Number of protein chains: 2
Amino acid sequence: MHWSRWGDPDQAESLPEPIVQLLHKTLGVRSPAPAVAMEAVELPEPSLSASASEALVAAVGADHVFTDAESRIRHTRGKSTLDLLRIRRGDASDAPDTVVQPASHDEVVQVLEACASHRVAVVPFGGGTSVVGGLAPASYGGFIAMDLRRMDRLVELDAESRLATLEPGLLAPRAEELLRERGFTLGHFPQSFEWASIGGFAATRSSGQASAGYGRFDEMVVRMRVATPAGTLRLGRAPRSAAGPDLRQLVLGSEGAFGVITSITVQVQPAPDASVYEGWQFPTFGAGMAAMRRLAQDGPLPTVLRLSDEAETAIGLTDPEHVGSADSQSGCLLIAGYEGPTAAVAGQRDGVAAVLRDAGGEPLGDEPGERWAAGRYAAPYLRDALLDVGAFAETLETATFWSNVPRLYAAVRDALTSSLAGQGAPPLVLCHVSHVYPAGASLYFTVICAQGADPVGQWQRTKSAASEVMTAAGGTISHHHGVGTDHRDWLIGEIGPLGVEVLRAIKDRLDPARILNPGVLIP
Amino acid sequence: MHWSRWGDPDQAESLPEPIVQLLHKTLGVRSPAPAVAMEAVELPEPSLSASASEALVAAVGADHVFTDAESRIRHTRGKSTLDLLRIRRGDASDAPDTVVQPASHDEVVQVLEACASHRVAVVPFGGGTSVVGGLAPASYGGFIAMDLRRMDRLVELDAESRLATLEPGLLAPRAEELLRERGFTLGHFPQSFEWASIGGFAATRSSGQASAGYGRFDEMVVRMRVATPAGTLRLGRAPRSAAGPDLRQLVLGSEGAFGVITSITVQVQPAPDASVYEGWQFPTFGAGMAAMRRLAQDGPLPTVLRLSDEAETAIGLTDPEHVGSADSQSGCLLIAGYEGPTAAVAGQRDGVAAVLRDAGGEPLGDEPGERWAAGRYAAPYLRDALLDVGAFAETLETATFWSNVPRLYAAVRDALTSSLAGQGAPPLVLCHVSHVYPAGASLYFTVICAQGADPVGQWQRTKSAASEVMTAAGGTISHHHGVGTDHRDWLIGEIGPLGVEVLRAIKDRLDPARILNPGVLIP
């Protein structure tokens, strides 16, 4: 992972000149904004005491404790656009003092003990792909990044129950590789897939592009082991249970604030024999959503189901390789994907096609689908290229019940547009629906505009405005990105002051010294 | 509901004489054990102070506060066999001091305030059908039954999102009636259906006979309002969310120990046009389970799917009207039910039949299915008839992952058999699987034996033995009955001492005076 950009440095691309001109003409993007070199990054002085450092070395060994500048820079914040803007200008003020790499549950426990007794904060670090400020804790006088990359095993596979026990630091592509060797798939493919970790998926309630077929990550988890400063939680004894409240659901979404997940048992599926992705055109966003609702409520559901609004369809953002190209479409593009045994895929495709046709869709064939599949992880690279030329690009997302989707869509789009226009940076606002349920759907917005003189402040104001209307219009503050520090203040509106008090009571019990991700999640 | 038996007194039946003879011969059932008359029931003196009583009257009005003997007896404990044995012999020592019937969320809040300030315990009471001691709190110096029957409205129906907002005191048949008038069904039909309440379904994580098609009750809930002594929780803003831990999952299964659920929004489905139930025969329990696993993992799933083991098939308990009759079958009886639009039911039935046939099943036609459907709520009436003649009958249930099902099945059956045989009451032990998931299944045991001199102690010893092996063999202490007081001590093994501490921390925050169902759920 590049330290100041998304992903693999070899995959970085620059924007074609016609796009740069288009950004110039339509959005007023003018001045390139290159990132500084790593040497120019300013790091705070490390602040851990010698005795704290010794305790960490005692826990994991000297070879697995890092205080060099590059290690600290590489564990600074996550990959939101604000994170990138800050690190690109050389600001590493949120860097950890030390990076620690435990190799086992017991070493995690020892690191937590060392940190609790020395009052050092701990940020669990998997793939480092947070886009909500989940890796930037409140100032505490010193903190470590607990990098879980050495905990990367497939521990056990129960083929009969279709359950895989995985360690948290396993990155998604490697987990998928280990499972495919045994004939299975996790079926979890969020846009962060190439760099995200299994532990992060659980801690943030991740949802992938194939959620219609395989479900959300939080729905796949059946068992977890969690190291907390107060001891170890072992949760999950059956697929479902009536043995009281489901405490797994407290750990899922806890974002490192309650403990460090050291083992996760998830439902897996047989690896598909066939994968087909196709495009459909709908006259309007509303017509496309009505079709999606029929599939979500009465079936059959494809494995992948997403619908771009008119703006996203026109700009071609479903295919970041061809943004603004001449083959952009009118109406709204729907992508449907089918994965499974070959015969089942054909049957599923026929069933879905009948519904989509009946709901007013026009088939566009495989080409738009295959193009979407080829570019499904490319958008974050495009963002880096946009930042380079002085444009700003960021995403935000929410979800609500079907009857409220039109209101929420209009409210968030209007808030984004009017906030940025009011700051002299009129944006493109694009939207898609990529996760559907019988009761409702997600809305995923992309915002592109010019970087003003203070792009960080510009977005903070806009994001606040969008979050306010999101809450007021009945949406959740996040469908799958999480809370982190960016959404923390809106969690009060989401679960109420008493809900927050419940989270605090749990935190106080599990983490009395409050060393775990302070300032993340809990207002 | 009869005060000392299950259900509608008009539906009570006595056992045919040949069955009584069979019980005598095979199980040694000898002495009839009739229940006392209501006049003979011994009630403790009511212990609420005058000022507490006045506060309750101020909260809900004098017409809705009851202290008469019959009201108190009718709110004593639930409907486990131990509950029935105790009340049948006139023991109402666990009766509430007062029965209070609030009509709204605000009245619930006022009752909680009154009880907190007067240190009176509160047992939320819906249908009164608990079978795990969930309505018998620890001695506290005085407690009320908060009977929610006046909160019985369908508050709102969002047909587009297929969401119904219901009050907690609504009994299931009335909820179903209100929804059917509008074209919908909840699809939740546990054996307690005729008498259980919506609030109770949520508070205990109920699961119904059609869970394969409609899901468990806890999976249907999207929104809840909960009155607690510390304030009101309003939870659930979207079908799914990544806004932190899912606090709804703390309320689901909380069994009245954290608060009183005053509003529940649930996913509903279109009322089915067609319902078909059919029987299949499998040579062994293992072969039938392998077939169920295929359906659960790869589909298609019928709406109802249940499999009796050899003993339950032979005794005919799938059809309580014909227990022990000559038409009992060999092998294992599987019931599959299909509900939905007429065309979909036919397609679903064909798809399931292909899998069952391929897995070694022999179709038995509709007759066994229709017989099961006709008798689906009859078993608790049969239990009363068995108690009358001096037999003992009770059920218990668990769940585990597929790979562990054979071990758990054998361990629990052996524990039940050897414990009761060792006490001179060799039992019939029957079992069925009635809830399946991709990862595993439930096991539901029925035990029938002779009542010894101390049938309560006899069962307590046996239940302890079964619970011990259930935990040791990797099962959950309850798949859908809940924890109550009967399973409380085994919850420690299920979620660990630290998990229990988390529950206590939440309880302390929401209910600092510990007035809510003290002694229920939390060890």
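**Note on the pairing of chain A and chain B**

1. In this predicted model, chain B can be laid on chain A with an RMSD of 0.0 Å by a turn of 180 degrees and a shift of 0.0 Å along the axis, the copies being superposed by least squares on the C-alpha atoms of residues with pLDDT of at least 70 in both. That is the relation of a two-fold axis. The same surface serves both copies, since 99% of the contact residues of chain B recur in chain A.

2. Contact here means heavy atoms within 4.5 Å, and on that rule 79 residues of chain B touch 78 residues of chain A. The area buried between the two chains is about 5900 Å², with carbon and sulfur atoms giving 61% of it; buried area is the accessible area (1.4 Å probe) that two parts lose on being put together, summed over both.

3. Seven salt bridges are found across the interface of chain B and chain A, each defined as a side-chain nitrogen of Lys or Arg within 4 Å of a carboxyl oxygen of Asp or Glu. Asp298(B) forms a salt bridge with Arg162(A), and their closest N and O atoms are 2.9 Å apart.

4. On the side of chain B that touches chain A, helix 18 (residues 488-510) gives the most, with 13 residues, a helix being a DSSP run (H or I) of at least four residues, numbered from the N terminus.

5. Residues are numbered from 1 along each chain as its sequence is written, and chains are lettered from A in the order in which they are written. Local features need pLDDT of at least 70, side-chain atom pairs count only at pLDDT 80 or more, and totals for chains, interfaces and linings use all residues, while side-chain values use heavy atoms, with hydrogens and water left out.

Terms used. Helix = DSSP H or I, 4+ residues; strand = E, 2+ residues; numbered from the N terminus.
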